[in-house]
Amino acid sequence: MQFKQLLFALALAALVACQPIEQTQPPAPSVKPLLSVPLAKVIENPQPDNSAWAQQQPYVLMISLDGFRWDYVDMYKPKFLSRFVAESARLEGLRPSYPSKTFPNHITLVTGLYPQNHGIVANDFYESELQKRYRLKDREAVRDGRFYKGLSIWGLAAGQGMRSASYFWPSSEANSPAFAPSYYLPYDHHGDHMARVEQIVRWLELPPAKRPHFINLYFHETDTAGHHYGPGSAELGETINQIDKVLETLVRRLDALDLAINIVLVSDHGMTPAPEAKRIPLVVPAGYTSLGNGPNVQLYPAAYKQGDYRQSAPDPEQALAQLNQAAEHHRCYRPEQAPAPLHIDKARRLGTIVCVAEAGWSLMTRSKKYRALSPGNHGWSPLEGQDMHGIFYGRGPAFKPGFVHPRQDNIHVYPLLAHILGLNIEHSIDGRLGPMKALLK
Ligand code: AMP
Ligand code: ZN
Ligand code: ZN
């Protein structure tokens, strides 16, 4: 077994040992775009062609609508998505992992691991062993492969002779063989929607040996509008309608291809109102520095902020006592003593102390500018109410149309994807196929 794992690791390393190469657009003479849009540059990780076996496997496109709450389709009734949902096998809701933030959960979806096991425990954290801060806005940190643990679905596919592609997904740019799609694009918050549609179609029109069998695609707009205007707002409805049109165009184009394509529509978390009246001032204890604000705050030794990772935190027990004194709507913990259902007991990167606010309540450290008064937010425990829950809709040859299944945890999405693609999982993960199997034909 160990020898096999070593062989696998070596094979993967050999696959992606060379630097990624910038690719001009793959020639696709048969493509007849509906719109002529300039495409963004795709980067190719050198990986072998699809094996003869892989070429016989189905296709899966997983699309994420960031922050799309489980009840938005019922609430807003977008024209295309309402039809799509009716044709899909769906979960009543997809429970995110804690914290219900973007990076931790997108990476759970593509690894089957809780954030503490894939390593990206927050959108922003200090890592004392690497002596480095990770932040989603820091391109260099996001690309540093040392932060990521586990084997992504792209790495799993590559190891079994199958090509994959990613049009924006947290961790897809990591410099790590375990996180290398065959094709990917660097994140562009303002990237054109129709260019995404066109690129996905072009990938699926590549010759069978080059064509990616697993593809993912990401849209941030539903999260952004949810923060700015709040769930239930007319503006969020407008945004959903815009994305609805993009998805309709994409799915029409895909349906016109003669391929067995499964479309999985997911989100990383939901959204809930974060009212002014539910703000809790949090005084950072002396000798500590904090990251995060709102649903959760992480506390580290103050010297980390200056890049000095040798210090340990002063008297954590006293700091905890101070933080929890008269706490009515939050609780601070050493991560290893946090409630088991949060699955953060091994999340050393969350800091010496992590403070967890009650659903809807926002912790505000004095030193930080709070993400100013945004009416919507997420990050709270998925176990308190359902507002943090996202969506899972699966449409295509693998899924039972019109089937509804109870809420499940998002760690189980990865084994489902692997099963549909015919990939074997031989390493240890947190998710299981069992809870999702009923969705499949
Ligand atoms: P948050 O709401 O703070 O959990 O994060 C949402 C934000 O993550 C979005 O508005 C995007 O700007 C950002 N984001 C999503 N995917 C990526 C990515 N692959 N690289 C960098 N930033 C991303
Ligand atoms: Zn998100
Ligand atoms: Zn967000």
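Two residues are in contact if their C-beta atoms, placed from the backbone, lie within 7 Å.

**View 1. Domain 1 meets domain 2 in this predicted model.** The chain is assigned two domains. Domain 1 spans 21-113 + 150-273 + 384-439. Domain 2 covers 276-373. At the boundary, eight residues of domain 1 are in contact with seven residues of domain 2. The domain 1 side of this boundary has three nonpolar, three polar and two charged residues. The C-alpha centres of the two domains lie 33 Å apart.

View 2

**View 3. Four strands form an open sheet.** The strand order is S14-S15-S17-S16. Pairing is antiparallel. Strand S14 (288-291) and strand S16 (330-333) are the edges, and each pairs on one side only. Neighbouring strands are turned by 20° against each other on average, direction ignored.

**View 4. Strand S14 pairs with strand S15.** Strand S15 takes in residues 296-301. Four bridges link S14 and S15 in the antiparallel sense. Tyrosine 288 stands opposite proline 301 in S15.

**View 5. Helix H12 packs on the sheet.** Helix H12 comprises residues 316-324. The helix touches S14, S16 and strand S17 (353-357). The direction of H12 makes about 15° with that of S17.

Key:
Residues numbered from 1 in each chain as written. Chains lettered and ligands numbered in written order. Predicted model: local features only at pLDDT ≥ 70, side-chain atom pairs only at ≥ 80, totals over all residues. Domains from an automatic or database assignment. Nonpolar A, V, L, I, M, F, W, Y, C, P; charged D, E, K, R; others polar. Pairing = 2+ DSSP bridges. Axes fitted to C-alpha atoms, helices over the stretch in contact; angles between N-to-C directions.
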